[in-house]
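The sequence and the structure are shown first.

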Amino acid sequence: MRIYMSPPDVGELEEQYVVAALRSGWVAPLGPEVDAFEAELAERVAVKHGVALSSGTAGLHLGLLALGVGPGDVVVTSTMTFAATANAIVYTGAEPYFVDVDLATGNMSPELLEQALVRLGAAGESVAAVVPVDLLGKAVDYTAIEEIAARHGVPVLADAAESLGATHRGRAAGSFGRASVLSFNGNKIMTTSGGGMLLTDDSDLASRVRYLATQARQPAIHFEHTDIGYNYRLSNLLAALGRAQLSRLDAMMARRRDLRELYKARFAEVPGVTVFGADGDAEDNVWLSSVLVDESVTGWSPSELSATLIAADIESRPLWKPMHLQPVFAGARGEITGTSEQLFRTGLTLPSGSSLGEPERERVFAVIDDFLATRMR
């Protein structure tokens, strides 16, 4: 049986919640489970408002629109991210401007953000937002990022799609910026199958996002529309699944952390291999565990290890391919140093799911051990 990198971790509790929601009669989108899910997650992150949506991408799109982003604007974001971050910027008609990352974390470099905002400001360009990305469950340096953005008069929309449960200086990921966006895709730390949520303390912004996400319907008995809206709300059934998952979040993070520690121990004596982000990972949610391979030291590449895992029906994957290298964004502007390219070239993400049982873990480590034994003689 195939071992996936980060499969959904669901069981009897999730079944109970979904069946109860189904039997309640609230099958159509929205309903009491959505209301409860929004309230419980907002409380967990310590913000005032949550808006449950069909995906994290929808949250980024609507968050940008609510901040007034549109054609002719520039939005500064990390190049080390999934395509959804950049795509959402393009949906608004704005231009993504990519910023490279810190080698230790893979997160947006504050120094390069400063450089970008100075350069764009000097050129008289309209910078409408900064969208930092919490990579693999590690929150960005929001202390520095928010200070820099505020000094330049630019709002922050945090892409916290990967970081629910993480913290920065004791404060929860999802609570930073004018708003933050979470993802509950099937491979995330917790899932609603598909879904996301925008979190904010700004009541006007939350109301605007909720309005746009519900086809921008006016409060009339007939269908009345004065704005272009979107069908972006989360269903009641999926919200029930999310509530069950949220109640198990800490336990699921603990399982992933245990696995991270096993990887650290496994590779501690392997010259040229480090567990990515292992230093200072106490505040991470450890969504995914990756290794960085210095081929000049190891004599083998991350692609060789990946091929061995694939042959054993075990999923692995390189770190995100930087957005500035993607064909769809060829020619895009940015502050690029090559750090993200180095991480893409040397990084490999290993099975990290909280649902991996002992037999699956042992199988993964047996394949890795056999691979290392043949390469370290």
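## Pairing of β1 and β9

Strand β1 (residues 49–53) and strand β9 (residues 196–200) pair in the antiparallel sense over 5 bridges, where pairing requires that DSSP find at least two bridges between two strands. Within this pair, leucine 53 is placed opposite glycine 196 of β9. Strand β1 is mostly covered, with 4 of its 5 residues buried; buried denotes under 20% relative accessible area, exposed over 50%, and partly exposed the range in between (1.4 Å probe, protein chains only). Helices (H or I, at least four residues) and strands (E, at least two) are DSSP runs, numbered from the N terminus.

The model is predicted: local features need pLDDT of at least 70, side-chain atom pairs count only at pLDDT 80 or more, and totals for chains, interfaces and linings use all residues. Residues are numbered from 1 along each chain as its sequence is written, and side-chain values use heavy atoms, with hydrogens and water left out.

## The parallel sheet

An open sheet of 4 strands has the order β4-β2-β3-β12 and parallel pairing. Its edges are formed by β4 and β12 (334–335); each has a single partner strand, so one side of each lacks a neighbour in the sheet. Strands of a sheet pair through backbone hydrogen bonds, in either a parallel or an antiparallel arrangement.

The parallel strands β2 and β3 are joined by 5 bridges, and valine 74 has glutamate 95 in β3 as its bridge partner. On pairing with β12, β3 again runs parallel, over 2 bridges; here phenylalanine 98 stands opposite glycine 334 in β12. Strand β3 is largely enclosed by the rest of the structure, because 4 of its 5 residues are buried.

## Helix α4 and its surroundings

The buried residues of helix α4 (residues 83–91) are Ala84, Thr85, Ala86, Ala88 and Ile89. These residues pack against α3 (56–66), β2 (74–78), β3 (95–99), β4 (127–131) and β5 (157–159), with contact defined as heavy atoms within 4.5 Å.

## Residues in other helices

Glutamate 33 is located in helix α2 (residues 32–45). Its relative accessibility is 15%, so glutamate 33 counts as buried. Residues up to four places away in sequence aside, glutamate 33 touches Ala21, Asn236, Ala239, Ala240 and Arg243.

Serine 207 belongs to helix α7 (residues 203–213) and counts as partly exposed at 45% relative accessibility. Between serine 207 and alanine 66 there are 141 residues of sequence separation and a C-alpha to C-alpha distance of 9.3 Å. Alanine 373, in helix α13 (residues 358–375), is partly exposed, with a relative accessible area of 41%. Alanine 373 and aspartate 100 are 273 residues apart in sequence, and their C-alpha atoms are 36 Å apart in space.

## Leucines with positive phi

Most residues other than glycine have a negative phi. Leucine 30, which is not a glycine, has a positive phi of about 70°. It is found in the loop between α1 (12–23) and α2 and is partly exposed, with a relative accessible area of 26%.

Leucine 136 also has a positive phi, near 55°. This residue lies in the loop between β4 and α6 (142–151); with a relative accessible area of 8%, leucine 136 is buried.

## The chain as a whole

The chain has 13 helices and 13 strands. Its radius of gyration is 21 Å, which agrees with the value near 21 Å for a compact globule of 377 residues; the radius is taken over C-alpha atoms, and the globule rule is 2.2 Å times the number of residues to the power 0.38. Along the principal axes, the C-alpha atoms fill a box of roughly 75 × 60 × 35 Å. Among contacts between residues at least 6 apart in sequence, 73% join residues at least 24 apart.

Of the 377 residues, 53% count as buried. The accessible surface comes to about 15,500 Å², of which 54% belongs to carbon and sulfur atoms; the areas come from the Shrake-Rupley method with a 1.4 Å probe, and for residues only the protein chains shown count as cover.
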